[in-house]
Amino acid sequence: MIPLWSYFLLSFLGLWLIATPLTFPASPPLFWSDLLAGLLLFSLSLAARKPQPPLKQRLFYYAFLAIALWLELAPLLFWAPSPLLYLNDTLLGVLIIAFVLLLFPLPSQLPEEEPTVPPGFSYNPSSWPQRIPIILSALLCWFYSRYLAAYQLGYIDTVWDPFFIPGAKGVLTSSVAHLFPVSDAGLGAFAYTLEFLAACLGGKARWRTAPWLTLIFAFLVIPVGLVSIILVILQPLVVGTWCTLCLLTAATMLIAVPLAMDEIVASFSYLRRTRWKTLFPGGEDPQATEDRCTPPLTDSLASIFRAGFWGLSVSWPLLFSLPLGLFLMTQPSPADP
């Protein structure tokens, strides 16, 4: 039974969203966007508190999520004139997504019981120690991207770059950045927000209880990592300079990709064995075994950190090539003065 206060919490966020454009100056498109989104959220949350058939209740949840995603994108589409409006909309969007998906149970969520270790694995790839490094990497990338987006949106006059000239300024105002109709750094922050929430959702056996969530997580992690690589490659080739925070974002994102692969492989293997019939409802796996090696979150931070990198091997030749690659990246090309 969903507590009644959950719906009133969403209605309060709707009232907050209505009051924001009436209190602080906003451009006409953003004014009407916030006002209509607030009215929709307020009215739908009050209507959803009454007993509804499961299908209609699920439609309410999807409507809440659609409003939240729109709030994440609206300040970018309408180029929010002040940082307050950008922060307000994006923060409310995250809160709505978190409240809907955390306070209301997932329609396909099954009891999180053992066994949780997929066949062919010696550990559980969906355990919290396995997901914590990915969550932290998404959070770090979110901080980097929001800072870069603040410069593109005109909220700050300068951007920090200690190593390259013109560095971040040249990249953020380059022809590549202008190919996007909105701030590309803001789009990155939006993607990292979704990645963070997708990594936090679901229980310790979500590779079989919510395979659809794992696939959404894979769609967020892998393409975003590839886009980061492409944008980093374009920096010296097209722009002619590097961006320190962009490089940090790409490096942090690339760490998350191999860490997420084991859970993605476990879900794909499970779906193949069930012929994709368990994509949305999830189910049991008779070949799974109990998890006897994953440390609890109350254990030492060192053991939790080591467990987060289980399943990841290191190729020593590639590892030793990293300093050489970093050295070559910082060297000027023959055409440079």
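**View 1. Arg273 and Asp285 form a salt bridge.** In this predicted model, the closest N and O atoms of the pair are 2.4 Å apart; a salt bridge is a side-chain nitrogen of Lys or Arg within 4 Å of a carboxyl oxygen of Asp or Glu. The pair links distant parts of the chain, with Arg273 in helix 10 and Asp285 in the loop between helix 10 and helix 11, 12 residues apart. Helices are DSSP runs (H or I, at least four residues) numbered from the N terminus. Arg273 is partly exposed at 34% relative accessible area, whereas Asp285 is buried at 6%. Buried means under 20% relative accessible area, exposed over 50%, and partly exposed in between (1.4 Å probe, protein chains only).

Residues are numbered from 1 along each chain as its sequence is written, and side-chain values use heavy atoms, with hydrogens and water left out. Local features need pLDDT of at least 70 and side-chain atom pairs count only at pLDDT 80 or more, while totals for chains, interfaces and linings use all residues.

**View 2. Arg208 and Glu284 meet in a salt bridge.** The N to O distance is 3.4 Å. Arg208 lies in helix 8 (residues 206–209) and Glu284 in the loop between helix 10 and helix 11 (301–308), so the pair ties together parts that are 76 residues apart in sequence. Arg208 is buried, with a relative accessible area of 1%, while Glu284 is exposed at 52%. The structure holds 4 salt bridges.

**View 3. Leu10 is a buried residue of helix 1.** Helix 1 covers residues 4–23, and the relative accessible area of Leu10 is 1%. Leaving aside neighbours within four places in sequence, Leu10 is in contact (heavy atoms within 4.5 Å) with Leu41, Ser45, Phe64, Ile96, Phe99, Val100 and Phe104.

**View 4. Leu226, Ile229, Ile233, Leu237, Val238 and Leu254 make a nonpolar surface patch.** The area of the patch is about 550 Å², by the Shrake-Rupley method with a 1.4 Å probe, where for residues only the protein chains shown count as cover. Patches are made of residues with over 30% relative accessible area and no salt bridge; like charges are joined within 9 Å, and nonpolar side chains (Val, Leu, Ile, Met, Phe, Trp, Tyr) within 5 Å. Helix 9 (residues 211–239) gives the most to the nonpolar patch, with 5 residues. Ile233 lies in this helix and is partly exposed at 47% relative accessibility.

Notes:
Helix = DSSP H or I, 4+ residues; strand = E, 2+ residues; numbered from the N terminus.
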